[in-house]
Amino acid sequence: MPSVEQEKDLLERIAQGEIKAWEEFVELYGRLMYYAVQKTLKLKGIRCGKEEVEGIFHSLFIHLAEDKGRRLLKFRGKGNCSLATWIRTISVHYTIDVLRVQAKFAYQVSFEEVNEADFEASWQAPVMDPEKGLAEKEEEEKLKKALQELSSEERAFLKLYLEGVSASNLAKLYKVPVKSIYSRVAQLKEKIKEIIERG
Amino acid sequence: MELWERKLKEILEEGKPNQPCPDLEELGGVIDGNLEKEQRERIIAHLADCAKCRELVMLAGEIEEEGEPLALNKELEWAKALFKPSFFQRIWALLQRILGRGQDEDFIPQLSLALAVRGKSALLSKPVASYKKDLGDYQAELEVEQINQNRYQVIVFVYDNEDRRLVSGIRASLSNKRGELESLVVEQGRAVFESVEEGEYLVRFSEKGVFLGGVLIKLKGEGKW
């Protein structure tokens, strides 16, 4: 692993117009950039071929090479972020931006599995039965109250988990092993249950 | 996702981030798990309230540095050549000739834009999303195509799981929270919901009144993602 100083030095040399430094950069991070573009498209549910991935990869490289790599000089190694992670984050960010600009014509479609129990409970004629509707409303109120009793930190954790940040990703974010993420979810679930039962 | 989780998610609405978005290095630091406690907590609190940064961290966090080995020699050679002044100058001169422009300092960003648009427009040629759903004896495939800015077509294919034969007689219905909108019988393995607006829908499969499975589809149109 190169040190932050070595990484910065490489970027400095690129900014000075050293072609060898740029070639080294491409050799070190080109594959990562390509992979990040490809994977981002895949995770965003965009089906596309090699040509499309290359289109974005090319424009991303041009984006970074412009003006003797001036954008690369923004790297400071802040927060102990490695150059590789920074490049990966830029690549994802750039790809999302490309997709966003495309939004004028684009669309997003997502699919989600529904099991029968959930389906019955959440979709089938929920408003036809006023009593059931009332019970649901009450339940919702209870949940809302219970959430208020959680700390802001606990709510933030739940929010990230429920928004789909994966357990392995959360584990990295919180610097804990993956299994403690699962037990934390279970604990919070239990805590909410207790608060509701206590009334 | 369990029902209680879905309810909680609904209740835990998006807050308003009270701090400006962290820069990409700080987000990278949190992905690497290298931030000091205080900084980390600040960024995690921001992520809970900011969908844009959360998405970035979710995606970048899923991408391992050691991806599949990619045979990219041609691509990498291309990228290396990019830095040689002659590369830009050649394209520049060519484009200037085509467009009849004079020397223009702003031209390189425009060139990058042109190539970026090339990347984007190539993506636009396949506006189809699909999903496979196992229905026990059958396999359903849903394909969503965009017809215009906010209308979609949802095509349902149903095959026999064993011999891949196209199936007829399965009922596919489309409903939203207000109730059922349309119900079709799959003929020769295919049924089409012709014009569906953006929104959240449930496609429900049944055979002789027996529920086989359901898929939730979310269609979001222009400018909302």
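The paragraphs below take up the aromatic rings, then the charges over rings, and then the strands.

This is a predicted model, in which local features need pLDDT of at least 70 and side-chain atom pairs count only at pLDDT 80 or more, while totals for chains, interfaces and linings use all residues. Residues are numbered from 1 along each chain as its sequence is written, chains are lettered from A and ligands numbered from 1 in the order in which they are written, and side-chain values use heavy atoms, with hydrogens and water left out.

Over all chains, the structure holds 7 aromatic pairs, a pair being two rings of Phe, Tyr or Trp (its six-membered ring) whose centres lie within 6.5 Å, with planes under 30 degrees apart called stacked, over 60 edge-to-face and the rest tilted. W22(A) has 0% relative accessibility and so counts as buried, a term for residues under 20% relative accessible area, as against exposed at over 50% and partly exposed in between (1.4 Å probe, protein chains only). F61(A) is likewise buried, with a relative accessible area of 0%. Both residues belong to one aromatic cluster, formed by W22(A), F25(A), Y29(A), Y34(A), F57(A) and F61(A).

Charged side chains also meet rings, where a charge sits over a ring if NZ of Lys or CZ of Arg is within 6 Å of the ring centre and within 35 degrees of the ring normal. In chain A, the charged end of R184(A) sits over the ring of F157(A), 4.5 Å from its centre, and in chain B, R164(B) lies over the face of Y159(B), at 4.4 Å from the ring centre.

In chain B, strand β4 (residues 171–176) has 5 of its 6 residues buried and is therefore largely enclosed by the rest of the structure. β4(B) pairs in the antiparallel sense with strand β5 (residues 179–185) of chain B over 6 bridges, two strands being paired if DSSP finds at least two bridges between them. A hairpin through 2 residues joins β4(B) to β5(B), and S173(B) has S183(B) as its bridge partner in β5(B). β4(B) also runs antiparallel to strand β7 (residues 199–207) of chain B, to which 5 bridges join it, and there the bridge partner of A172(B) is F205(B).

Terms used: Helix = DSSP H or I, 4+ residues; strand = E, 2+ residues; numbered from the N terminus.
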